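Subject: Two-chain model, handed over

Hi,

Here is the structure I promised to pass on. Please open it first, then read my notes below with the view beside you.

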Amino acid sequence: MSTAVKDTHAGVRSRRQGQFGQVMHRLRKNKVAMVGLVVLLLLILMAILSPYITPYDYAKTSKANRYALPSWEHLFGCDAMGRDILSRIMYGARASLWLGLMSTLVATVVGVLLGSLVGYYGGKVDNIVMRILDIIQAIPGMLLSIAISAALGSGIGNTILALSIGGIPMTVRLLRGSILTVRKQEYIEAAEKINCSKWRVITSHILPNSIAPVIVSVTMGIGNTILQAASLSYIGLGVQPPTPEWGAMLSEGKSMITKYPHLCIFPGLAIMLVVLCLNMLGDGLRDAMDPKLKN
Amino acid sequence: MIRYIGKRLLWMIPVMLGIAILIFSIMYICPGDPASSLLGPSASAVELAAKREEMGLNDPYIVRLGRYLYQTFIKFDLGTSYKFGTSVFAGLMERMQYTLVIALLCMALQVFVGTPLGIMAATHHNGVWDRVSMFLALVGVSIPAFWLALMLVLIFAVNLGWLPTSGVSNGLASFILPCIANSFAGIASQARHTRSSMLEVIRSDYIVTAKAKGLSRRTVLFKHALPNALIPIITIVGNGMGMMLGGTVIIENVFAIPGVGRYMTDAINSRDYPVVMGGVLILGLIFSLIMLLVDIVYAFVDPRIKAQYEGRKGKK
């Protein structure tokens, strides 16, 4: 009985707030997702403010502190050159988060453009684009990123490119599939019949109704990309020392891991925390956008 | 069905050609000079130039691409490694056993551990078991595999001394840690997908009917719910295989396993292009074959898809 009342209430709410408001309303009630979002925002804030708030200079070396174990002065200890690991992790959040966000953004923008093109027009364009994507997808993603980043060389820009290319096919496929179901709906036909421009049909009628799966996959995708970026740096591609980046820090620490495990433990925990928050938020978004899937 | 498999196999030829062109182009823009990494820093400029000419590095892109494609697809020769001077194909095959053992063991772990976990979570929906296993799965998909590998080595190999830290000289024991590290994310994501797929099925009308008929919980679960829930899960298995093959590249580096992945990362560092290109082609081929297998299994599990093929055959 009470659920029925609640449902009507949600219905009234939806009419007032629109689809977006409804999703946000459901998301706000999801505690796990909100924890993820808050921690994520704090981490982003930390990354932005890191030049001002790190306890030590991330690049300052010190002979006396080489391999210093965690202590009150250096909470996470110091690395092989006596640099404070906590400061390096705080500063390293910039590179790691930037890599994850930008690579996913590039992949999504290209993917959405291509996806709406092939989904809307279909036919020959669709065939050609999808066959090219088949080829890209036939190479395991990690392998493709490794090859591209070897070809382009290290550095943040090149790594972003290497990571984003592998992410494009999935976005295109998701959006294309979702557009194909929306495209046949009557309101699209109606929009076309009243002479809406193609651009307008795609951007204001098709995309808003088919973008939901892409948004969820983007949230999860950022986490995955951060993991991939760290793996690339770990095997010596991607971002390279002395830039503080979590994967690169792990790579530097791995040779001394048996003697000084703290060199590797903390950067790894940092990666895990970020990806965990992104996945928590992604799960919440998925449930909020498709309430059928919940409960 | 056979027609369909044949068509798919034929379609793999242009895909492999595409992969070859793509990877050749990527390697073409690779910085660094294979001739100088082959001859070492002591080589004179004349020697380098002669070597470059000999290796055909001075030819234009299109000539080199044509030569590469001719060699690979007409003569079925992946070339010789710049660094070792041996056949790339032989080198890959020699190392493939380790990579395949890891990838297949990981796959098995993903399917046989992840699926039951997901089913249990779904049947105990919102219970303690569901919450604990889904939290673990969430952590599982968030852990960097190579970091998990390092931590496992630290605990089980260095501190407890139960398992070897690296290499392949200890038989199956050498593969335990690499497989756990490489499959952890796969198990977790398998469990997550199985759970949501099961939950969706459990709520459908025919399950309610089956329960209403008075069938036992077990029959409802395994005869009615599971076969239907399995269908979307098969896709995850196929994608998982791609992740495992890519993941072994990193894991082989952590555990110093002489597999294809390590062969390829070494080759990237020493600008040994034929090895990189050959490796990508072979792994791409294996991955494509697995995806084909997944599609065939799909048809066998889902009578609706099978009927589609048979219906089509009837028309023709």
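Start where the chains meet: chain B puts 37 residues into the contact, and chain A puts in 34. On the chain B side, the elements that give two or more residues are α1 (2-28), α6 (128-140), α7 (145-159), α10 (217-255), α11 (260-269) and α12 (273-301). What classes of residue make up this side of chain B? There are 27 nonpolar and 10 polar residues, and no charged ones. Keep in mind that this is a predicted model. Its scores are ipTM 0.80 and pTM 0.82.

One helix at the contact: α7(B)

Look at α7(B) next. It has 15 residues. From first C-alpha to last it reaches 20 Å, close to the 21 Å expected at 1.5 Å a residue. The helix does bend, by about 30° at Val153(B). Val153(B) is also one of the buried residues of α7(B).

After α7(B) comes Gly161(B), with a positive phi near 70°.

Chain B has 13 helices and 0 strands. Its C-alpha trace spans about 85 × 65 × 30 Å along the principal axes. Of its 316 residues, 38% are buried. Take the contacts in chain B with a separation of 6 or more: residues 24 or more positions apart account for 71% of them.

Find Tyr263(B) in helix α11 of chain B. Is Tyr263(B) buried or exposed? Count its C-beta neighbours inside 10 Å: there are 26, so Tyr263(B) counts as buried. The cut-off for buried is 20 or more. Leaving out residues up to four places away in sequence, Tyr263(B) touches Gly91(B), Arg95(B), Val275(B) and Gly279(B). Now try Leu199(B), which lies 64 residues from Tyr263(B) along the chain. The C-alpha atoms of the two are separated by 43 Å.

Chain A

Turn to chain A. It has 11 helices and 0 strands. Its C-alpha atoms fill a box of roughly 75 × 55 × 30 Å along the principal axes. How many of its 295 residues count as buried? The share is 45%. Among contacts in chain A between residues at least 6 apart in sequence, 68% join residues at least 24 apart.

Chain A has a mean pLDDT of 79, and 91% of its residues reach 70 or more. Among its elements, helix α1 (residues 2-29) of chain A has the lowest mean, 61. Helix α3 (residues 85-121) of chain A has the highest, 86. Over residues 1-14 of chain A the pLDDT is below 50. Beyond near neighbours in sequence, that stretch has 3 contacts in the model.

For chain B the mean pLDDT is 81, and 96% of its residues reach 70 or more. Where in chain B is confidence lowest, and where is it highest? The lowest mean is in helix α13 (residues 303-315) of chain B, at 60. The highest is in α6(B), at 87.

Best wishes

Methods. Residues are numbered from 1 along each chain as its sequence is written. Chains are lettered from A and ligands numbered from 1 in the order in which they are written. This is a predicted model: local features need pLDDT of at least 70, side-chain atom pairs count only at pLDDT 80 or more; totals for chains, interfaces and linings use all residues. Two residues are in contact if their C-beta atoms, placed from the backbone, lie within 7 Å. Helices (H or I, at least four residues) and strands (E, at least two) are DSSP runs, numbered from the N terminus. Ala, Val, Leu, Ile, Met, Phe, Trp, Tyr, Cys and Pro count as nonpolar, Asp, Glu, Lys and Arg as charged, and the others, Gly among them, as polar. The expected span of a helix is 1.5 Å times one less than its number of residues. The bend at a residue is the angle between axes fitted to the seven residues ending there and the seven starting there. A residue is buried if 20 or more other C-beta atoms lie within 10 Å of its own, exposed if 12 or fewer, and partly exposed in between; C-beta atoms are placed from the backbone. pLDDT is the predictor's confidence in each residue, from 0 to 100.
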